[in-house]
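Colleague: I have the file open. Can you walk me through the sheet and what packs on it?

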Amino acid sequence: MATTVMEKRTARFPSLVRAFKSVNYAAQQYGRMGFYLANYMAGARVGGRMPEGTFDAPDGETKIKGPGWPALLADAQGLMRRERRAMARGDYEYPENGLQPLKTFMKVADYLRDTAVVGDRRRAAQHQEVFASLVAERERYPRYYLQNFHYQSDGYFSKASAKRYDFQVDVLFTGVADAMRRRARPWLNEVLRTPKQARLTHADFACGTGRFLGELARNYPDASLIGVDLSPAYLDLAAKELPKRNGIRLIHANMEATPLDTASLDSATVIFAFHELPKKARSNAVKELSRVLKPGGRLVIVDTLQLGDHAAYDGLLHVFPKGFHEPYYAEYVASDQDGLMAKHGLQKAGQERAFLSKVSVYDKMLEIGSSVPKP
């Protein structure tokens, strides 16, 4: 294939190209933060949002002081700086998620319309519309899944919900949701960047609309990628949005029991999903993840912080399930995740905090009680 003039010029000045990408990333991410923060404030006026300041602890008597906006925004910017350094080192590629004016404007209008409905639902504590309306689905889906998580319209069961989900998550995290997801990437490099004869296989469980799968496809073009989710509507959108050239396989299945073969995965991710599973379902999911991972395979989880991970944010962890319908959140943030993983043969390999989330890394032991072989 012929090399273009631009490719020749950029190849001659790699440091200049890297500097341009770094500056472009910073401008893009600060623009995203400002944009989604403005939508957060607009949404707060329309439908209400989590309060700031001092919160009641679960005992109803103790007061917990939460962080204000200056501290939160400074922390988000710290994550962006960490990302920028990681990209400069070549840990992963610069993102391709700039704002598209017309498409984004339409999402803003839809978000604000729905936020008013969500606000009414929150004030009325109505979070079982999905279960009440989808009678035919009760045989096919677990009871815990048939809810309006976050008081969102249609739960995870409509095209409209799928189309607005990523926008809602970006608003909640002021434009750095993708940056939090991407912190899983450096932990996957030593598995998926290892030169091997066979094609390596990675599965993203609870993949939703495929947001993180798209990142994986750009960074690991030779990997065999699988997305598993319980929502047909979200998988349909993922099928439309994800790059076709990577041959990504999408599977409609419950994470507690999948059709994947035993010891078939080199690595796996679970992002923003465990806190929405009740204790028993979460244990079943971990058991299944351990089954499908190869010995020495890696599991990376990105999810909410747990109590004690960052004391300054403990107040937010207590109030979050009150402001949003998150029925299993309080139990999750107080649970022993490392102990659950060890019970199913997954050994802790690393951890880091990424703004409001935690990246937890586990390797599959050769057998329970053994150590993990070095990559």
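**Sheet and helices**

Modeller: Keep in mind that this is a predicted model. Strands β7 (residues 293-304) and β9 (residues 357-364) run antiparallel and are joined by seven bridges.

Colleague: Which residue of β9 stands opposite Val302?

Modeller: Val359 does.

Colleague: What is the strand order in the sheet?

Modeller: The order is β5-β4-β3-β6-β7-β9-β8, seven strands in an open sheet with mixed pairing.

Colleague: Why do β5 and β8 have one side left without a neighbour?

Modeller: Because β5 (249-252) and β8 (346-354) stand at the edges of the sheet, each has a single partner strand. From one strand to the next, the twist averages 15°.

Colleague: Which strands does helix α9 touch?

Modeller: Helix α9, residues 211-219, packs on the sheet and touches β3 (201-205), β4 (224-229), β5 and β6 (265-271). The direction of α9 makes about 175° with that of β4.

Colleague: And which ones does helix α11 touch?

Modeller: Helix α11 (residues 279-292) also packs on the sheet, with β3, β6, β7, β8 and β9 as the strands touched. Its direction makes about 145° with that of β7.

Colleague: Now a residue in α11, Ala285. Buried or exposed?

Modeller: Ala285 has 0% relative accessibility, so it counts as buried.

Colleague: What does Ala285 touch, leaving out residues up to four places away in sequence?

Modeller: Met255, Glu256, Phe274 and Leu277.

Colleague: How many residues apart along the chain are Ala285 and Met255?

Modeller: They are 30 residues apart, and 5.5 Å separates their C-alpha atoms.

Definitions and conventions. Residues are numbered from 1 along each chain as its sequence is written. This is a predicted model: local features need pLDDT of at least 70, side-chain atom pairs count only at pLDDT 80 or more; totals for chains, interfaces and linings use all residues. Side-chain values use heavy atoms; hydrogens and water are left out. Two strands pair if DSSP finds at least two bridges between them. Helices (H or I, at least four residues) and strands (E, at least two) are DSSP runs, numbered from the N terminus. Axes are lines fitted to C-alpha atoms, for helices over the stretch in contact, and angles run from 0 to 180 degrees between N-to-C directions. Contact means heavy atoms within 4.5 Å. Buried means under 20% relative accessible area, exposed over 50%, partly exposed in between (1.4 Å probe, protein chains only).
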